[in-house]
Amino acid sequence: MNKQISSNQERYLNPYLGGVLLGLLVILTVYITGRGLGASGAVKSAVVTTSNIIAPYETQQNGYMGRFVTDNHSPMFNWLVFESLGVFLGGLLSGLLFGRVKKFRIDKGPKITNKKRLIFAVIGGILFGFGSQFGRGCTSGAALSGSATFALGGVIVMLAIFGSGYLFAYLFRKLWI
Amino acid sequence: MGPLIPNGIIPAGWDFVIAILLGIIFGFLLEASGFSSSRNLAGVFYGYNFVVLRVFFTAVIVAMTGLLYFDYLGWIDLSKIFILPTFLWPMIIGGVIMGIGFVAGGFCPGTSFTGIAIGKTDALFFTIGLYIGIYIFSLAFPLFEKFYTSGNLGNVTLTDVTGIPASWFAAAFTVIALAAFWGTMFIEKKVRKNIKEYKF
Amino acid sequence: MNRNYIFLTILMLFLAVGTIFLHKTEKLKQIEPDKLLWEIIQPTRYVSTDHVAKMIIQQDPSLEIIDVRSEKEFNNFSLPKAINIPVDSLLSETSLENFGIPGTKIVFISNDDIKADQAWVIAKRLGFDGMYVMRGGLNCWMNTIIQPVEPPEYAPLTEFATYEFRKGAKLYFTGAKTENTETKKVKVMVKRRKKTKAASGGC
Amino acid sequence: MHEHELNPWRTLIALSVFAVLIVIGFFTLQKPTMKYDLNMKESLTVLNDNDACFYPWQLEKVINKKANNIVLFDIRDKFTYGQGHIPNSENISAFDLTNKENIKRLDNLKKQNITVVLYGEDQLQANGPWMLFRQAGFKNVKVLLGGYKYYSEHKENLAATKSDESYKKGTPRFDYAKIASQSNTGIEQTSSTAKKKVVVRRKKKTKAASGGC
């Protein structure tokens, strides 16, 4: 039986185990830092930083990025940036442990080409990045940590993400099935 | 007792060390649960893999009930934790856009980082997309500056808005989630019969 | 299908439904009685009239005087820049916004010190920090600052120094009196605590 | 192979550990020695309760041991207690008030319907502890008005204090506004330096006035 699993399916944690541990991690994070986890904030910091290096004046004048520029330290000196660095390291650790770190490859549905998959990945990323700024966070920051702390905003974002996901899933079905 | 850093039990200088450590656990759990694969993630919308739903909702209900117990036992002070501010319409629109991005890209920001870590090119492209998306948002910000802050309800919780105690929400979420777990189990079985070739 | 999944479901349901039976906490957070008593018996929570006078003269920006007497008495006379919050309306939402601003020192004043002290205990029970009671209240203020008594000749030097200070302070307060009433009409800039939660962050 | 056919025993262990942690939390949950009996609003109204106060003239009964349902607690420290105290009073310094034995004692006294009168050097010292015990539901705790200071000044004739009002706090002893303006005019006669300062102040005032016009 084990042979069948390993040949057919990667060895992942039981999803419920992952969920319970993730829930405990959220509690631990709130217990230590008083706030939740996050991810999109780190990309935002990266955007502000690079923009600030290339065009400092325009960045500080920008109504949005200007909020995150301070004289004291770089926008990269941010809790979420360090946390995201940890996410990357943690993913690497788990990948090494379960033997999933391999050379670059692409996950896609059986019916599309690699090129198409990458184009849609970029489009999806753009949309997600755009939306995460309106939603004040992404799935981990707003939906997961937000709902766990009973924040109204977190629940709204969670329902909106999954609701629209199901709503638009039909349009993108060729990508995945 | 908690939260430790806002209460000054752990000095704020440890903030970043703790951030990396918590991030590592977070990344490890995401990857180990299979969130580094866009096929797994997108599967939730097509009924062939409900791993996202299972992990995500188990995490939410465990965290919800756990925080309530911790608050009761005096280990954590729920009044001192950060509550995400609510901006009604921007959040709904943002969520809808994120949902489309999720189906199209197959990742969300946190999972794409773990995807890069184990060598997924699509995760890398998704992250580049994220970067571009946020940059576009910043440039176009003056266009929707008013909308961005509209519907501001402040840092409100469900209890603040509805007046129903938080524990009722925790219980309701748990019942819904558990029902969803059992329900999706049957859906998944049915859908997978039709998909012959399935690789993660 | 595994039996353990049924166990899991039941356990999780049990945990979640259990939260409903936890007692409801009051809307206003309070500190434990033991801790409150500990805070009550600290003598550092009293400030002298001289100290308050000094802070006013130096225009200490962190100082916030809260007058707990009735509105009528407050309109008759109060210290410069004092805010009027009668003890009875202490618990109203707008009054509470004056408390808990980081970096401010709240000094309660009343005719004597008892009412001010009572306001202090009530506010302390709600967990606010940085609060003091002016010892002796306005009666003592009149005795010391406005009508200072010259110490007898045999008194130690420090008492003379205090006397000198009080004489100066008297001039400051009585001479500037008309000016004060003018500023009072102009709405006093009142600091209000923002409604954000303690830890800030975001994604 | 379907997930639901895999054994989730590790999940069960993780969740059980979590549940056990919470159960341990419940068992180790320290019950506070005191609990608030009155909510915030009630705590405010109890302040206006005259019955919660103990008047100096009532002390006579206690001193002459005529009242066996009243105990006097001196909350000053031992040193000052040794220097002089109200007869038949007992010394429990403020720092020892939260001791479990003392709380238990107060509880017993409450059950026996015995009034506990707290006093400090002045009324202020006992005010805080008195408020706390009232809020914690000790309806038998009262505060001595005037404190030890007033008592020691009037101990010769306590009965006469019945008509005396001077220990009652909260009333203005002066007409503040009047005094403040009076001393304003009286300054000119005090000293030359004072005069100078006043002039400076006044200049400012006129300036402001002219600016306003």
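The model is predicted, so local features are taken only at pLDDT of at least 70 and side-chain atom pairs only at pLDDT 80 or more, while totals for chains, interfaces and linings use all residues. Residues are numbered from 1 along each chain as its sequence is written, with chains lettered from A and ligands numbered from 1 in the order in which they are written.

Chain A comes out with 9 helices and 0 strands (DSSP runs numbered from the N terminus: H or I of at least four residues for helices, E of at least two for strands). Of the 177 residues in chain A, 62% are buried, that is, they have 20 or more other C-beta atoms, placed from the backbone, within 10 Å of their own. Taking contacts (C-beta atoms, placed from the backbone, within 7 Å) between residues of chain A at least 6 apart in sequence, 52% link residues at least 24 apart.

Chain A and chain B meet through 109 residues of chain A and 111 residues of chain B. On the chain A side, the helices giving at least two residues each include α2 (15–33), α5 (79–97) and α6 (114–134). That side has 63 nonpolar, 34 polar and 12 charged residues; here Ala, Val, Leu, Ile, Met, Phe, Trp, Tyr, Cys and Pro count as nonpolar, Asp, Glu, Lys and Arg as charged, and the others, Gly among them, as polar.

As for nonpolar cores (buried Ala, Val, Leu, Ile, Met, Phe, Trp, Tyr and Cys residues joined through C-beta atoms within 7 Å), the largest has 137 residues, with V26(A), V60(B), M64(B) and L67(B) making the most contacts inside it. Helix α3 (residues 51–72) of chain B gives this core its largest share, 17 residues. Leaving aside residues up to four places away in sequence, V60(B) touches L144(A), S147(A), A148(A) and F173(B). A second, separate core of 64 residues takes in I106(C), Y132(C), L59(D) and V117(D).

Chain D has an open sheet of 5 strands, paired in parallel in the order β1-β5-β4-β2-β3; strands pair if DSSP finds at least two bridges between them. β1 (53–54) and β3 (89–91) of chain D are the edge strands, each with a single partner, so one side of each has no neighbour in the sheet. Strand β2 (residues 70–74) of chain D pairs with β3(D) over 3 bridges, and L72(D) sits opposite S89(D) in β3(D).

Technical notes. Contact = placed C-beta atoms within 7 Å. Buried ≥ 20, exposed ≤ 12 C-beta atoms within 10 Å, placed from the backbone.
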